[in-house]
Protein chains: 2
Amino acid sequence: MPSGRKGQVRVGTNLLQAARELGVELESICGGKQTCGKCQVIIEEGYFPKHGLTSRSDHVTDLSALEREYDQQHPLDGRRLACAAQVLGDLLVTVPEESQAHKQVIAKAATERPIDVDPAIKQVYVEVKPAELGDPRGDWERLAQALEDQWQLRDLVIDPKTLITLQSKLREGEFAVTVTIWQDREILRLQPGYQDGVFGLAVDVGSTTVVAHLCDLRTGEVLGTQSAMNPQVRFGEDLMSRISYINSEPQGLFRMNRSIIKTLNDLAEKAASEAGFTLDEITDVVIVGNTVMHHILLGIDPVQLGMAPFALATYSAQDLKARDLGLNLNAACRVHTLPLIAGHVGADNVGVMLAEAPGEQDGISLIVDVGTNAEIILGDRTQVLVASSPTGPAFEGAQITHGQRAAPGAVDRVRIDLDTLEPRIKLIGHADWISPGSPPPPIKATGICGSGIIEAVAELFLAGIINSRGHFNQGSAVSSPRILLDGRTAAYQLVDADLTASGSPILITQEDVRAIQLAKAALYAGTKLLMDQRGVKTVDRIILAGAFGTFIDPFHAMVLGLIPDCDLEHVVAVGNAAGDGARLALLNRGMREKAVRMARSATYVETPLETKFQDEFVAALNIPHATHKFPHLAGRLPESPEGNKRQPRSRLRSRQE
Amino acid sequence: MPSGRKGQVRVGTNLLQAARELGVELESICGGKQTCGKCQVIIEEGYFPKHGLTSRSDHVTDLSALEREYDQQHPLDGRRLACAAQVLGDLLVTVPEESQAHKQVIAKAATERPIDVDPAIKQVYVEVKPAELGDPRGDWERLAQALEDQWQLRDLVIDPKTLITLQSKLREGEFAVTVTIWQDREILRLQPGYQDGVFGLAVDVGSTTVVAHLCDLRTGEVLGTQSAMNPQVRFGEDLMSRISYINSEPQGLFRMNRSIIKTLNDLAEKAASEAGFTLDEITDVVIVGNTVMHHILLGIDPVQLGMAPFALATYSAQDLKARDLGLNLNAACRVHTLPLIAGHVGADNVGVMLAEAPGEQDGISLIVDVGTNAEIILGDRTQVLVASSPTGPAFEGAQITHGQRAAPGAVDRVRIDLDTLEPRIKLIGHADWISPGSPPPPIKATGICGSGIIEAVAELFLAGIINSRGHFNQGSAVSSPRILLDGRTAAYQLVDADLTASGSPILITQEDVRAIQLAKAALYAGTKLLMDQRGVKTVDRIILAGAFGTFIDPFHAMVLGLIPDCDLEHVVAVGNAAGDGARLALLNRGMREKAVRMARSATYVETPLETKFQDEFVAALNIPHATHKFPHLAGRLPESPEGNKRQPRSRLRSRQE
């Protein structure tokens, strides 16, 4: 319940696995390791013809040791961790709303940028000498001769799947054909007579979201953008969980690979059908993704990426056949993957570099892409440095008491009134601010997502509820019934029970604050390391890449010290820059060479190898602030340096504006 | 009956199709065009619960116009042509023995020849720098560096299916691996540590028989030879029938292609398992076949090969991936197909050229490969000419009243006593000569195969029963109850009714003699054309290639005038020379280049374009003889030139001797 699905599973199957088998998607960040607590389910009394009425404890294993441990820290109130509870007989199970995996809200759109259209795929029209007695050559040899005579194209090869179509296409076109050629080297498609139209897909395989842009390779136009949740989320929310799943399940890699390939096929199918043509029209694909997504997509076990020294199978760009990946596009369709840089710096980051080209800008650019790891690119015309910083998944809502992914019902915006200490929140899927006591919104709050937790911690600090070390202030300076203190821990009640899906309040705990501090310190320390290596004290612009960058408020990010001080005017969210990079490489083949040059010339800094990283990390744990930029707040803050006149921008300027 | 298979088919299905659907293989040469008469069946009375006892004419369409025509020329005695009779309701059908398709007897074995072993596939052992922090390269880049440093192998690529295995193989071998490399260019396989063993398949896809030699690519040794009937035989005996089947059936090409691929997979599986290893060990395949087999194998519709100007899709050698053909060998296994020469001169003939190398021999070689078409190669160091002569399928037993393929029960040897005019015969599957009145052999005669009909016609001529124009002598010079004459036609009763499976006698008719005359004239005219073009009156050696060449008796072939006069000592049957050529190309990569040079430098003579062909053809219709070589027969022959002392050899010297 509530899906109503029924079915039989093997005795001993855990409920997370059982739910998967029955097609019910449960939240799971840890991938079944009984630690994240996201897969909680309620075992109900149920009537079964064979057994009569069963109680809640019939037909299911007792609490596991790990489950009991979890229960002590985060009372389960009789719920079970689906990954721990094993089926022993007939059961009726309810999946509470907060445990249901939701379809992701996608906030990505292809940005319009000027692109020099020079794709890897081209079409030429050619007239071929008809076959005749006395000319024993094959039709292919006659076509190749015509392409050499009429287009000076030499040493071409033809894909065997295309060769199959040659004779009928030639005759259908009365020995005139339109030839689709890849990199002036290989014939991918033949169409009878004169035809016009070559199409490709630019794909960003994110850990959470997969986006595909269908592009007209002649005009460069984006004909349609399709996105979907990465189906691998059901095998583990973060990358480490997915690697663990693959390690523990003999079929794990196969399943992960098939699920993402199926999603790509579905996205391509949708994009093509909305644009009014068939998959046969798609002859080129460029794919970016982080290193784990890249390896799984290619069918490579990512196990080495889960442990030092984080060895990639390859960091080179790949030219593949779509059919070898199982993609159902044109039978001869090509796939190009951008190069990788290191174990934690993937083709997505190369896509970002390609799109933002920090090495071609005046001044120092800092590009930050936050996910389970934060990838940091810093550079100018002289040098570009890259690093990956182990922020952990806190920024994605994991490891947070009521954390969740950015999905409907998640708290994504937070304000705390400096006088009353009362909160205002926004929920994904509902436009209005919600205050305690306001009429209940049509949707219930299910948890808090990454941007929400960042705003919440920053607001707690600005309101003086926590101090710069991240501790809840124990004195009487701030006092509110929302601040729950006991000897052991502390929390702030952000959402009251009447507004939540679970019926329990949503809290920001001392542990949550600590988790954000650790994450932001890792990010800042990585940034600082690169700035030191490059020998700069400040940056001239900050580019926030990825969905996270679009949602977070740079004001709050700067208050927390997520990013270094920088004029807010020069902080830009570029959305899916990785996908933009893929699109560039799809539309311009020179960009593929450029991506390789960028990847190979970038200086990769291995953060764990740098002793300075640990120092910077410890130094960055405290919460700094930016009150000099917000003078009206100065009086309320623990420390108060000089201010200036600039006003905060409540929302980030994006390139779409 | 007699298989006992039952099943339901759609109303209107013909019995040939119905038999196929029920898994019963019927003989069919014409592929369902109601002309060959090989698919005769008997509709029996049958009891069906729904209908009670049905008569022989219930639930089946009446005789078709074509069937009635066939019946007038070759009385059906109440039988039906399965391809004509359509199912209207429940039926009980008996398939008489002569209509059943049999498993082919295979008389091919790989001949041992000295071969310089230098295959396209090689193994090298290499030690790779282990991954470590601070080296962001991928394992592939480290391996490529090691191959360059230790083996001077540069610019290698790795098959994506092999890349998938890289990290685990490297670690399993503690960063030492054995690398299987194709053409010094592409890595096909990785094995942990030091390993030894590379294997490949040389395959000859004949119209009737498919042979695969499993070879050790290091030693050149043939580890095993497997053969099977080409499963396409059930879609039509000769090439034209198969093309017709593809033209008339929307799924025809797909079925034909799948069936041959399945056979190749089966042969590979058998060969590997008998040699004691897995299909994963096979990393290279060389395939030869005639042009139609080649195209169907590659998935190319052979329709253009069925009509002038007989345009090939390509005549180039192909380098493919086994997986793209659907072959289940090593995931990265390569397939090489030898080049073709012209619409009727295929990779099998190039294989023969490679094996026999007429351009490297002193004196003029004539190589004849007889099938539905006869391919003729004539040449010496100066020039090699090739032609295809439209012999039709008579030499394969088709278009002959009681003709059949070389299968158990077929008459394959014939002697006619010069005094009594009584025959002696041999049957495939039975070692002894059989005379009329001798105790019945354990198997019954089902028909007469190609070698049998050639001997029969030659013997009829030697016995004076037919004259040199091929007519049955009408006078009293020869007289026997076996010679059946009426005003319209004539026949010789070769096998009496008590020795045949059908219970009817097996005859050699005037029409059969004519069919053989037409076929042998076409072959001789083609040979003569090439000899004239080359400016020679005689040849120094005759090489008979293919299964047919192994079975026919060169004495009888020369009596008939199938081949030009040549000292019998210099007539050699080389068996499956096409398969030998495939094996050469498998074991020596230089042979692949050589095959291309041979194919491209050979002079192709298009027989239909040569006006002289028609003249030579008419001139060759008469039956010459070689009595000068067989003086003891001289007195019995219509004409009697001077003799010599040489004795006939009853059996052909083959290279195996």
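In this predicted model, Lys321(B) and Glu186(B) are both buried, and their side chains meet in a salt bridge with an N to O distance of 2.9 Å. Lys321(B) lies in strand 14 (residues 318-321) of chain B and Glu186(B) in strand 9 (residues 186-192) of chain B, so the pair ties together parts that are 135 residues apart in sequence. Side chains of opposite charge can pair when their charged atoms come close.

A salt bridge also joins the side chains of Asp380(B) and Arg534(B), at 2.7 Å from N to O. This pair links distant parts of the chain, since Asp380(B) is found in the loop between strand 17 (374-379) and strand 18 (384-389) of chain B, while Arg534(B) belongs to helix 11 (residues 510-534) of chain B, 154 residues apart. Asp380(B) is buried, and Arg534(B) is buried as well. In chain A, the side chains of Arg534(A) and Asp380(A) meet in a salt bridge of 2.8 Å, N to O. Because Arg534(A) is placed in helix 11 (residues 510-534) of chain A and Asp380(A) in the loop between strand 17 (374-379) and strand 18 (384-389) of chain A, the pair ties together parts that lie 154 residues apart in sequence. Arg534(A) and Asp380(A) are both buried. Over all chains, the count comes to 69 salt bridges. Some salt bridges share partners, and in this way Lys129(A), Glu132(A), Asp135(A), Arg137(A), Asp139(A), Arg142(A) and Arg171(A) are joined into one network.

Asp159(A) is situated in the loop between strand 7 (157-158) and helix 4 (160-172) of chain A. With a relative accessible area of 0%, Asp159(A) falls under the 20% limit and is therefore counted as buried. The side chain of Asp159(A) makes a polar contact of 2.5 Å with the side chain of Lys321(A). When neighbours within four places in sequence are left aside, the residues in contact with Asp159(A) are Glu186(A), Ile187(A), Lys321(A), Arg323(A) and Ala332(A).

Arg323(A) also takes part in the pairing of the two chains, for it forms a salt bridge with Asp324(B) in which the closest N and O atoms are 2.8 Å apart. Between chain B and chain A the count is 2 salt bridges, and there are 24 residue pairs in polar contact, with both residues at pLDDT 80 or more. On the side of chain B that touches chain A, the elements that give two or more residues are helix 3 (139-151), helix 4 (160-172), strand 14 and helix 8 (322-325) of chain B. Helix 4 of chain B provides the largest share of this side, with 7 residues. By type, the residues on the side of chain B that touches chain A divide into 21 nonpolar, 9 polar and 11 charged. In total, 41 residues of chain B are in contact with 41 residues of chain A. The size of an interface is often given as the accessible area lost when the parts come together. For chain B and chain A, the buried area is about 3300 Å², and carbon and sulfur atoms give 60% of it.

Two further buried positions were examined in their surroundings. Cys215(A) lies in strand 11 (residues 209-216) of chain A and is buried, with a relative accessible area of 0%. Not counting residues up to four places away in sequence, Cys215(A) touches Val198(A), Phe199(A), Gly200(A), Glu221(A), Val222(A), Leu223(A), Arg583(A), Leu586(A) and Leu587(A). Cys215(A) and Thr225(A), which are 10 residues apart in sequence, are separated in space by 8.9 Å, C-alpha to C-alpha. Glu375(B), in turn, is located in strand 17 of chain B and has a relative accessible area of 9%, which means that it is buried.

At the level of domains, chain A is divided into domain 1 (15-99), domain 2 (121-192), domain 3 (354-393 + 517-633) and domain 4 (395-512). The centres of domain 1 and domain 2 of chain A, taken over C-alpha atoms, are separated by 61 Å.

Methods:
Residues are numbered from 1 along each chain as its sequence is written. Chains are lettered from A and ligands numbered from 1 in the order in which they are written. This is a predicted model: local features need pLDDT of at least 70, side-chain atom pairs count only at pLDDT 80 or more; totals for chains, interfaces and linings use all residues. Side-chain values use heavy atoms; hydrogens and water are left out. A salt bridge is a side-chain nitrogen of Lys or Arg within 4 Å of a carboxyl oxygen of Asp or Glu. Helices (H or I, at least four residues) and strands (E, at least two) are DSSP runs, numbered from the N terminus. Buried means under 20% relative accessible area, exposed over 50%, partly exposed in between (1.4 Å probe, protein chains only). Contact means heavy atoms within 4.5 Å. Domain bounds come from an automatic or database domain assignment. Buried area is the accessible area (1.4 Å probe) that two parts lose on being put together, summed over both. A polar contact is a pair of N or O atoms within 3.5 Å; within protein, one must be able to donate a hydrogen and the other to accept it, and residues adjacent in sequence count only if both atoms are side-chain atoms. Ala, Val, Leu, Ile, Met, Phe, Trp, Tyr, Cys and Pro count as nonpolar, Asp, Glu, Lys and Arg as charged, and the others, Gly among them, as polar.
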